[in-house]
Amino acid sequence: MEKETYFVFEKWNPKRFVRIHRDECSSCFYGRGTQKLAKRVSCKWNGPYGTLEEAEGKARSIPASEVLFCKLCFPEKFDKP
Ligand SMILES: [Zn+2]
């Protein structure tokens, strides 16, 4: 059984936020992201983290940032009846 890992995506522009992804997320690609920019000027991938708690801890340790969950990898977080 493969172990699931998590990544924390940090972005500063235009809005500051961090978003937590699972490793298999299509917008994450194991921390490489989808941006084909030669230089990533205003974003960064942190991880992998072995547990969601660890990833969330890292996300919350980043100052002045809103912590979000990816809608693709955490549908349960948005599943409000
Ligand atoms: Zn995701």
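Visitor: How many strands form the open sheet, and in what order do they stand?
Guide: In this predicted model, the open sheet is built from four strands, ordered E3-E1-E2-E4, and their pairing is mixed.

Visitor: Which strands stand at the edges?
Guide: Those are strand E3 (43-49) and strand E4 (66-69). Each has a single partner strand, so one side of each is left without a neighbour in the sheet.

Visitor: And by how much are neighbouring strands turned against each other?
Guide: On average the angle between neighbouring strands of this sheet is 20°, direction ignored.

Visitor: Do E1 and E2 run parallel or antiparallel?
Guide: Strand E1 (residues 6-11) and E2 run antiparallel, and six bridges join them. One of the paired positions is Lys11, whose bridge partner in E2 is Phe17.

Visitor: What about E2 and E4, parallel or antiparallel?
Guide: Strand E2 (residues 17-22) and E4 run parallel, joined by four bridges. Arg19 has Leu68 in E4 as its bridge partner, and Ile20 stands opposite Phe69 in E4.

Visitor: What holds paired strands together in general?
Guide: Strands of a sheet pair through backbone hydrogen bonds, in either a parallel or an antiparallel manner.

Visitor: Changing topic: which residues make up the largest nonpolar core?
Guide: There are eleven residues in that core, among them Tyr6, Val8, Ile20, Ala55 and Cys73. E1, E2 and H1 are the elements that give two or more residues to this core. The largest share, four residues, comes from E1.

Visitor: Where is Ala55 found?
Guide: Ala55 belongs to helix H1.

Visitor: Why is Ala55 called buried?
Guide: Ala55 is buried because 24 other C-beta atoms lie within 10 Å, and the cut-off for a buried residue is 20 or more.

Visitor: Which residues does Ala55 touch?
Guide: Leaving aside residues up to four places away in sequence, Ala55 touches Tyr6, Val8, Ile20, Gly47 and Tyr49. Val8 is 47 residues apart from Ala55 along the chain, yet their C-alpha atoms are separated by 6.3 Å.

Visitor: Last topic, confidence. What is the mean pLDDT of the chain?
Guide: The mean pLDDT of the chain is 80, and 77% of its residues reach 70 or more.

Visitor: Which elements have the lowest and the highest mean pLDDT?
Guide: Among the elements of the chain, E3 has the lowest mean value, 87, while helix H1 (residues 52-61) has the highest, 95.

How values were computed: Residues are numbered from 1 along each chain as its sequence is written. This is a predicted model: local features need pLDDT of at least 70, side-chain atom pairs count only at pLDDT 80 or more; totals for chains, interfaces and linings use all residues. Two strands pair if DSSP finds at least two bridges between them. Axes are lines fitted to C-alpha atoms, for helices over the stretch in contact, and angles run from 0 to 180 degrees between N-to-C directions. pLDDT is the predictor's confidence in each residue, from 0 to 100. A nonpolar core is a set of buried Ala, Val, Leu, Ile, Met, Phe, Trp, Tyr and Cys residues joined through C-beta atoms within 7 Å. A residue is buried if 20 or more other C-beta atoms lie within 10 Å of its own, exposed if 12 or fewer, and partly exposed in between; C-beta atoms are placed from the backbone. Two residues are in contact if their C-beta atoms, placed from the backbone, lie within 7 Å.
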